[in-house]
Structure formats: structure tokens, C-alpha cells
Amino acid sequence: MQNKKQSLLVLTYLCIGVVYGDIGTSPLYAFKAMFDGEHSLAITNSNIHGTLSLVFWTFIITVSVKYLSIVTRASSDGEGGILTLASLAHRVAPSFLKKCVLFLGMLSAGFFFGEAIITPAMSVLSAVEGIDVVNPSLHAFVIPVSITIICGLFAIQKWGSGKIGQFFAPVMLTWFLCIGLTGLTSICHNPFVLKAINPYYAMEFVRFHGLETLFTLGVVVLAVTGVEALYADMGHFGIKSIRLAWFLLVLPCLVLNYFGQGALVLQHPDAISNSFFLLVPTNLQLPLVVLATFATVIASQAVISGIFSLTRQAINLGFLPPVRIFHTSTKEQGQIYVPIANFLLFILVVAVVISFGSSARLAAAYGIAVTSVILISSLLLIVVALYHWRWSTINVALYAAVMVTYDTLMFTSTSLKFTDGGWLPLTIGTLVFLLMVNWYQEKQRLAMLTKHPLSVEAMVKGLEQKNWTRASGTAVYLARNEQQAPSSLINNLKYNETLHERNILLTFKYSEHPHIHPLKRVELKQLSDTFWQMIAHVGYQESLDIEQIYHACCTKELCLCPAETVFFMSAERIKVKPKNLWHDIKARIFILLSRNALRTSERLSVPEDKLIEIGVHLEI
């Protein structure tokens with residue numbers, strides 16, 4: 001029992017550094033944005049208490065109740081994340097809902113990409129702007145220093161999140177204790193601010209401001225940006241440790257800091273110019289700026305690592321074209337590096353920093369992608385609750401009435417900032433979504449074009465009746481569909497008129513589960529004396545590896561010798577078949593992506609001297 005307790009405490013300690021980086025740095029900018037920006041509020045007792053009450057109850061409703069109590073129950077082998085939720089919903093949804101669920105999953109993934117562009121820029125800018133408080137003459141260095149930090153952050157990604165994250169937990173633990181202590185010190189000078197815990201003040205604020213409350217909610221949501229990390233990182237640390245860290249440390253420290261900023265501004269309204277850094281004495285402001293910079297880098301790292309994981313999941317689910325992925329750890333499969341995603345994210349983040357220039361202006365662009373993902377997660381959860389958990393209609397209706405309504409209000413409030421910068425993450429997210437839809441649909445259409453009318457059983461039966469010239473060793477033919485004869489085999493017989501001693505028809509199936517047990521990696525079926533059909537299962541959080549296939553075959557008593565095995569694959573040469581403008585655009589985008597996508601042989605790391613590609617010309 002003692003070992004179990006200790007392991008839970010260790011996991012709780014570690015998850016502080018990874019899971020709560022983004023939401024933990026929100027006090028840097030969220031409270032200030034409510035009273036110092038467009039649609040800002042007047043600094044009055046009722047407004048301070050009302051906004052603090054809204055922040056507190058958003059923590060309770062969105063984080064504590066929705067995510068930590070309900071959403072995290074929707075897991076696949078302990079793994080979480082928006083694509084996991086979409087995959088689970090798609091698996092249990094009735095046929096008339098499956099396409100809708102699939103598109104919602106793609107849309108949420110696209111919006112997560114949009115959010116990931118804003119998070120590093122917002123976090124780093126808000127921390128570096130602390131030098132204005134230390135010395136206003138240093139303001140000109142905010143942008144250059146921010147860009148330098150961002151350059152360094154993306155440059156070290158190839159080292160892997162494991163090495164980068166070794167000091168995350170102690171830094172973030174120090175951060176939370178520091179912001180909690182500074183907030184508590186300020187509250188001691190004005191303890192009446194704690195009245196804001198009472199939801200009465202939030203309701204009074206809504207009653208007094210009416211529809212204008214939506215503008216405030218659009219800023220309040222900044223306090224919970226990063227909440228999706230609770231769900232996405234569930235598989236790494238376990239939900240118990242994530243809950244323990246939230247209720248024992250993160251939530252109390254965040255509440256203390258927000259309320260501390262409120263207490264400070266009530267006594268000194270001018271402090272709203274940078275209420276976070278003015279919580280500490282002048283001689284401690286520079287150390288706090290340094291600590292905040294480290295904390296924001298960590299917050300950015302969590303989003304960047306999330307993009308790498310999401311990219312791999314989207315590729316394995318067939319939403320994005322294959323790209324090169326590097327594993328940065330021999331122990332943890334989840335630690336990966338995606339160069340193309342890292343490069344594109346870096347360029348866009350730097351562009352955002354230069355174009356917006358300050359965290360105050362960037363706050364308008366922040367939040368809309370987050371609330372989109374939060375709202376979509378509620379909609380997908382309704383499907384899971386109805387068809388997987390078998391909740392009663394009354395319980396589902398109650399959930400929808402509370403959570404979906406609240407999430408819709410949050411989304412509506414951030415949508416009001418569309419013209420002020422909210423268009424940026426929404427536009428990027430929509431473009432990624434359209435890219436995913438186009439790739440998914442065109443791949444499905446391509447599969448239909450290459451579909452051979454001859455079944456596998458009929459083909460094998462016919463081949464075995466003829467006396468073919470036999471080459472030594474084993475030939476592996478890749479097939480898109482286990483029911484149909486692979487084009488690579490048919491074309492090989494057409495041009496070479498040769499079969500091997502052993503022939504394997506290999507099809508990859510991408511599972512809706514994150515990981516596949518090694519003993520369940522392949523299914524083998526002997527079709528004749530010289531033919532086998534092999535189905536290799538791949539989890540959406542796994543990467544293809546031919547060595548895994550070799551090992552799995554040995555467990556099924558079909559040992560393949562790498563030196564005597566060759567792989568046959570079809571290499572499609574695709575051209576546009578003119579139809580109409582919209583079709584031609586989609587087809588050309590698909591062809592462009594296909595030409596730059598990683599080939600299956602490269603994903604499998606098949607040696608070039610063991611690979612035979614047979615060209616096939618297609619028109620789409």
C-alpha cells in the first residue's frame with residue numbers, strides 16, 4: 001500500500017509540470033485583460049467581485065465538474081484527448097451519426113492546431129512584458145527577447161520532451177507556490193475580496209450587465225485555456241494524479257492569485273497596468289519575471305508536444321498525409337518529434353508575435369479555438385453517454401442543459417472577438433479541417449479506384465492451379481483491403497510472371513484504440529500452401545515499424561528472414577481528371593499532398609534493396 005501511495009504522489013508531482021503549464025500561467029494576462037483592454041470594465045467593487053466569482057465558478061464547472069469528473073471517464077485503454085473522444089464516439093454511434101461524429105473530430109483537431117499557434121506567443125509575450133514593470137525603458141526589447149525565447153524553444157524540440165521535461169515539475173511546483181503565496185499576501189490586506197467565492201456576485205454581475213456579460217466571459221475563458229491538457233495527458237499520468245494535483249495545489253494557488261490581484265487593484269486601481277507583477281515588491285519583480293518566463297516556456301512545451309501527438313493520431317486515423325516522425329525516447333513511445341509540424345508552428349508563432357506585438361492585443365485572438373474544442377467535446381460526450389455509458393435520456397438532457405449551454409455561452413463570448421483577432425485561430429483551424437476532410441475523402445475515392453474486382457480467395461485458388469516460375473524467399477505484397485487482390489501482386493504477375501516460394505498479402509488496419517498488444521499485432525490466415533493473408537493492427541498512438549511485424553509473425557509461427565524477404569508496393573502516379581473548378585482544386589491539393597507525403601515503405605523503414613515499387617497511373 002505504501003508503494004502505491006508513493007507512486008501516486010510521484011505521478012502527481014510529475015503531472016504538475018506537464019499538465020498544468022498552460023492553465024497555470026493564465027494569471028499573467030487573464031485578470032488584466034478584464035479591466036485593461038477593449039470592452040474593459042470599470043474598476044469597482046461590484047465588477048471586481050463579479051469577475052472573480054465568474055472565474056472561480058468557471059474553474060468549478062468547466063475544470064472540476066466537466067473535465068475531471070465526466071469527460072475523463074471517456075478513455076480508451078486509459079488514453080484521453082479530443083481525437084480519442086471522437087474515436088470512441090464514432091465507434092459507438094449509430095450509422096446516421098457516424099459521419100457527423102467523424103467531421104466533429106476533424107474540426108476539433110483543426111481548432112487545436114489553431115490554438116497551438118496562439119498559446120506560445122501569448123504565454124511568452126505576457127511573461128517578457130514583465131520587464132516593463134522592472135524598467136519601462138526596456139519596452140523596446142520585449143519583441144526581440146520573446147522571439148529569441150521562441151526560437152530557442154522550437155530549436156530544442158528535436159532533443160525530445162523527456163530530456164526537456166526533466167526540470168519541468170520543480171519549476172512549476174515553485175511557480176504555483178509562488179503565485180499562491182503572492183496572492184495570499186495581497187488578500188491579507190483586503191480579505192473582503194474572498195466574498196467573490198459566493199456565486200451571488202456572479203449572478204448579480206450578469207443581472208447588472210446583461211448581454212455585455214458576453215464580452216467579460218470572452219476574457220474569463222482565458223483563465224481555463226489549457227484545460228484540454230487534463231484530458232489529453234491522462235494516459236501519461238493517470239486521472240487520479242491529475243485530480244489530486246488540481247484540488248490540492250493548482251486550484252487553490254490559482255484562486256489565491258486571481259483574488260490577490262483583485263484585492264490589489266481594489267486598493268490601487270493603477271496597478272491594473274500589470275497587476276500580476278505588482279503583487280511583489282520591486283526587488284522581487286525581476287526574479288518573478290525570470291520564473292514566469294520559465295513557466296511560460298513550459299506551458300508552450302505542453303502545447304507543442306500535444307501537436308506532435310495529435311499529428312500522429314490524425315495520420316494513423318487517415319486524416320492527414322504521412323510525414324516523418326522521430327522517436328526521441330527508447331522507453332516511452334509517446335515521446336516523438338515531428339519536424340514539419342515543428343517548423344510550420346515556429347513560423348506561424350513568430351509571425352503572430354510580430355504582427356500582434358503585445359499580450360493585450362493577442363488576448364482578443366485567444367480563446368475562440370479553445371471554446372470551440374470545449375463545445376465539441378460536450379457534443380461528442382453526449383453520443384458517448386447515450387450509446388456507450390447508456391445514460392438515461394433525463395441525465396443526458398440535464399448534462400446538455402448545463403454543460404452545453406455554458407460551453408455555448410463561452411463560445412459565443414469569444415466569437416464576439418472575431419474581428420479583433422479571433423479570426424486567426426479560427427481561420428487556421430478551419431483550413432486544417434478542410435485539409436483533413438479533403439485528404440480523407442480523396443483517399444477513400446482513390447481506394448475505390450484501385451479496388452480490384454477479384455477476391456483474394458478466388459485469386460489464390462486460380463494462381464495455385466498454374467505452374468508459375470518460383471523465386472526463392474518471401475514476397476510481401478501490400479494491399480489496401482484484405483478482401484481484394486492487391487494491385488502490386490497483379491501487376492507483378494503481369495510484367496514478371498513470377499511468384500515467390502512464400503507470398504504474404506499484408507494489410508494495415510488502423511485501430512480506434514491507442515495501442516495494440518504485441519500478441520494481437522497481426523492476424524495470420526493461410527490461404528494455400530504458398531499464400532498467407534496477414535492483417536497488421538496499428539493503434540492511433542503508435543508508429544509503423546517492420547521490425548514489429550517480423551517479431552509478431554514469429555509469435556504466430558511464421559518466421560520471416562529479413563535477408564530473404566522482399567516487399568512489393570504500388571506507386572501511384574496521379575493526374576487530375578478535369579471535371580469542375582471545385583473538383584479540380586481538391587484533386588490538385590490531394591496530389592500535392594500525396595507527392596510530399598511519406599511513402600509506406602519509408603514509414604516501415606523497409607531497406608531500399610528489399611523494395612520493389614510498381615508504378616500505377618490513375619486519374620481522379
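Good morning. I begin with strand β6, residues 531-538, which is mostly covered: eight of its eight residues are buried, where buried means under 20% relative accessible area, exposed over 50%, and partly exposed in between, with a 1.4 Å probe and protein chains only. Strands here are DSSP runs of E of at least two residues, and helices are runs of H or I of at least four, numbered from the N terminus.

Before going further, a word on the source. This is a predicted model, in which local features need pLDDT of at least 70 and side-chain atom pairs count only at pLDDT 80 or more, while totals for chains, interfaces and linings use all residues. Residues are numbered from 1 along each chain as its sequence is written, and side-chain values use heavy atoms, with hydrogens and water left out.

Returning to β6, Phe531, Gln533, Ile535 and His537 point one way, Trp532, Met534, Ala536 and Val538 point the other way, and all are buried. In a regular strand, side chains alternate between the two faces of the sheet.

Strand β6 belongs to an open sheet of six strands with mixed pairing, in the order β5-β6-β4-β3-β7-β8. Its edge strands, each pairing on one side only, are β5 (522-526) and β8 (611-619). Two strands count as paired if DSSP finds at least two bridges between them.

What are the partners of β6? On one side, β5 runs antiparallel to β6 and is joined to it by five bridges; there, Lys525 stands opposite Gln533. Strand β4, residues 498-510, pairs with β6 in the parallel sense over eight bridges, and Tyr510 has Val538 as its bridge partner in β6.

Elsewhere in the sheet, β7 (residues 565-575) pairs with β8 in the parallel sense over nine bridges. Within that pairing, Glu572 has Val616 of β8 as its bridge partner.

I turn now to the surface. Val134, Phe167, Leu286, Val290 and Phe294 form a nonpolar patch with about 420 Å² of accessible area together. Patches comprise residues with over 30% relative accessible area and no salt bridge, joining like charges within 9 Å and nonpolar side chains (Val, Leu, Ile, Met, Phe, Trp, Tyr) within 5 Å. A salt bridge places a side-chain nitrogen of Lys or Arg within 4 Å of a carboxyl oxygen of Asp or Glu. Areas come from the Shrake-Rupley method with a 1.4 Å probe; for residues, only the protein chains shown count as cover.

Helix α16, residues 282-316, gives the most to this patch, with three residues. Phe167 lies in the loop between α9 (161-164) and α10 (168-189) and is partly exposed, at 38% relative accessible area. Thank you.
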